[in-house]
Amino acid sequence: MGEVVQMHFTTVDYVIFALLLVASTGIGLFYAFSGGRQRTTQEFLLADRSMSCFPVSLSLLATFQSAVAILGAPSEIYTYGTQYWFLGCSYFLGLLIPAHIFIPVFYRLRISSAYQYLELRFNKTVRICGTVTFIFQMVIYMGVVLYAPALALNAVTGFDLWGAVLAMGLVCTLYTTLGGLKAVIWTDVFQTIVMFAGQLAVIVVGAHQAGGISEVWRKAQNGSRISGLELNPDPLERHTFWTLAVGGIFLMLALYGVNQAQVQRYLSSRTEKEAIMSCYVVFPCQQIVLAMGCLMGLVMYARYGEDSPLDKGYVKTNDQMVLFFVMDVLRDLPGLPGLFVACLFSGALSTISSAFNSLATVTMEDLIKPHFPGMAEARATLLSKGLALGYGLVCLAMAYIASLMGSVLQAALSIFGMVGGPLLGLFCLGMFFPWANSIGAVVGLVAGLVMAFWIGVGSFVARMQAGGPPVPGVTVFPDTVNATTAVMTTLITSVAPKPRPSGVQALYSLSYMWYSAHNSATVVVVGLLVSILTGPWKEKELTPGTVFPVVGTLLFFLPERYREKLCCVTPLEDKSKALGRQPYQMAKKESNGVAHFQDEEKTGEEEAEEKTAQPSCKLARVEQETAL
C-alpha cells in the first residue's frame, strides 16, 4: 500500500474556484436590491410566482443532482459496473406522475407549503407531523451535501477541510438570506452550467488520454464493467433492473413529487402549464447528467483498470477517488481542475441553498404563521430571512455529523428513502384514497418511520455482528462511525458466498433502492386499515380539490353505485383557468377562499349537494386558518 498522494491547485484553479463563490454571491445581491427587493414573503419564498419554465427546470435538476451524485455515480460505475445506469428508466414515471398528478393538485390549491395540503386534506396535527419529519430529513441531508465536496477537496489537494465547509456554508447562507427564492433559482441555473462544463471537461480529456471513447468502452467490456440486463427479481440484490427501474420510481416521487424544495419551484412558476413543462424539460437533462456520471466512471476504469488508486492507498475511500482521478487527468491543464472543483461546489451550493429556502418556508408557513395570523408582512419577511440564516448555521453543525458517514452516494439516497418514503406515503394516502382519515394518516406516518429506522438500524447491527472481511474496493467504515448514519451506506458482505437470509434478516438485507417503496407502502397500508377501523371519511367531508381520482379511474369497470361507496367518483376540478385570472400576489386567505367557492359552484350542479353546506362551511374555516 502506498501513501496517500496529495496534488495541488495552481493559482488559476483558485481564481476559477473563487469566481464561482463571487458570482453566486453577486446573483444573491442583485435580487436583494432589485425588483421588489425581497420585501414580502410572497417574493422571498415564492419568487412572486413569476418564474418561467427554463430556470425552474434547471433548478429542479440542480437541487438534488449535487456533489453527492458527481462524486458517487462515477465511483459506483468504476467499482460495480454500468448496472446503475438503469436508474434512468425510473425517470419516465418518476417525472410524469408529479407532472400530471401532484403539480395540478398543489398548484390549484394555491398553497405555499406542501404541508398546507395535509391540513386541507386531514387536519393541523397531520400538517405539523409532516413538517417536523421534513425538517429532520433535510437538516440531515444538507449536512451530507455540504461535507462531501469539502472532504474530497481536502483529501486530494490538502485544502483546509473546515475552511471549505465554512466558505460554502457562509456564501450559500448569504445569497439565500438576501436574495430569496429568485436568487436560489438563478444561482442554480448558473451552477448547473458549471456542473455540466466541469464533468464534460473531465470526460473529453480523460477519454482522449485513454485513446478515445471506443477504447474506453473496449477496456470496460474486457474488465466486465459493462453490465447486461439483470432481471433477477430478488429485492435483496443491491442493484438489478427491478430495484433501479421500479424502486427508483418511488425514490424519484419522494424527490420530485412531494419534497418541499421541489414543490416550491413548481409553485413559483407563472402558470400550471409552465410548472408541468418544467418536469418535461428536466427529464432529458436528468438522463444527460446520469450518462455523464456513468461515462466518467468508465473513463476512470479505462485509466486505472483493476489497479485503482484506492487499492494503491493513494486515497482512503471511493468518494475521494473521483477527485484524485480528475486531478490526475487534468494536472497539465491549468484551470480545468479548478473548473471541476467549482462543479462539485456548484452541486453542493445548489442543494443546500434549496434546503435553506424550503426549510425557512415550512417553518414560517406551517409552524409560525398559523399561531400569529395577524403578523405584519414586513415582520414576517424579516423573520423568514432570519430563519434562512439560522438554518445555514445549523447546516454547518450538521456537516460535522456528516463527517462520520461512510459512502456518500448511498448515504444520501438512503436518507431520502428512509425519511422521504414515509412522507411520500402520507401524501399518497391523502391524495389517492378519499376514505383515509386523519387518525389513519398520523398512525400510518409513525408506522412508516418506525419501519424505516427498524430496517435501517437492524441492517447496521446485523452487518456489525457478521463482521466479515469487506469486498475489495468498498468503503470500509471506521470503528467510530455513527450508528444512525452508517445504516445508509453500502452493504458490506464477506468475500465468501453466504446463504440467502430469511425472516427478519431478509428484511435487514433489503436493497437500499427499495427503502422508499417499502416505507411509503407501509404508511398507506397501515393508514387505510386504521381509517377503516376508526371510521372512514365520506366524500362530502373532504375539502374540494384535495383528492386525485386515481382509484375511480382504475376501477372504471365497477358500477357507479359501488364507486360512490368507495368515494372515488368526483374528478379533480380544473380551476386553473379561473385561478389564472386571479392576481398571483393575492393574500393566501383570499386565494384559498376563491378556490373553494369556485369549486362549490362547479360541484353544485345538483340541489342534493346543498345538504353538504354545513361541512363546507367548516372546511372553508379550516382553509382560512391555513391562510397567511
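Two rings of Phe, Tyr or Trp count as an aromatic pair if their centres lie within 6.5 Å. I applied this to the structure above, which is a predicted model.

**Entry 1: aromatic rings.** I searched the whole structure and found 20 aromatic pairs. I then looked up Y115 and F134, which form a tilted pair with 5.6 Å from centre to centre and 40 degrees between the planes. This pair links distant parts of the chain, since Y115 lies in helix α6 and F134 in helix α7, 19 residues apart. I noted that Y115 and F134 are both buried. I also recorded a cluster linked by ring pairs, with F102, F106, Y115, Y117, F134, F427 and F432 as its members.

**Entry 2: a charge over a ring.** I found R238 over the face of Y80, at 4.4 Å from the ring centre.

**Entry 3: salt bridges.** Side chains of opposite charge can pair when their charged atoms come close. My search of the whole structure gave 12 salt bridges. One of them joins K182 to E43, with the closest N and O atoms 4.0 Å apart. K182 belongs to helix α8 and E43 to helix α2, and 139 residues separate them. Both K182 and E43 are buried.

I next looked up D328 and R303, whose side chains meet in a salt bridge at 3.1 Å, N to O. D328 is in helix α15 and R303 in helix α13, so the bridge ties together parts 25 residues apart in sequence. D328 counts as buried because its relative accessibility is 9%, under the 20% cut-off. R303, at 33%, is partly exposed.

Finally, I noted that a network of salt bridges links E119, R127 and D366.

Notes: Residues numbered from 1 in each chain as written. Predicted model: local features only at pLDDT ≥ 70, side-chain atom pairs only at ≥ 80, totals over all residues. Heavy atoms only, no water. Phe/Tyr/Trp six-rings, centres within 6.5 Å; stacked < 30°, edge-to-face > 60°. Helix = DSSP H or I, 4+ residues; strand = E, 2+ residues; numbered from the N terminus. Buried < 20%, exposed > 50% of the residue type's maximum accessible area, 1.4 Å probe, protein only. Lys NZ or Arg CZ within 6 Å of the ring centre and 35° of its normal.
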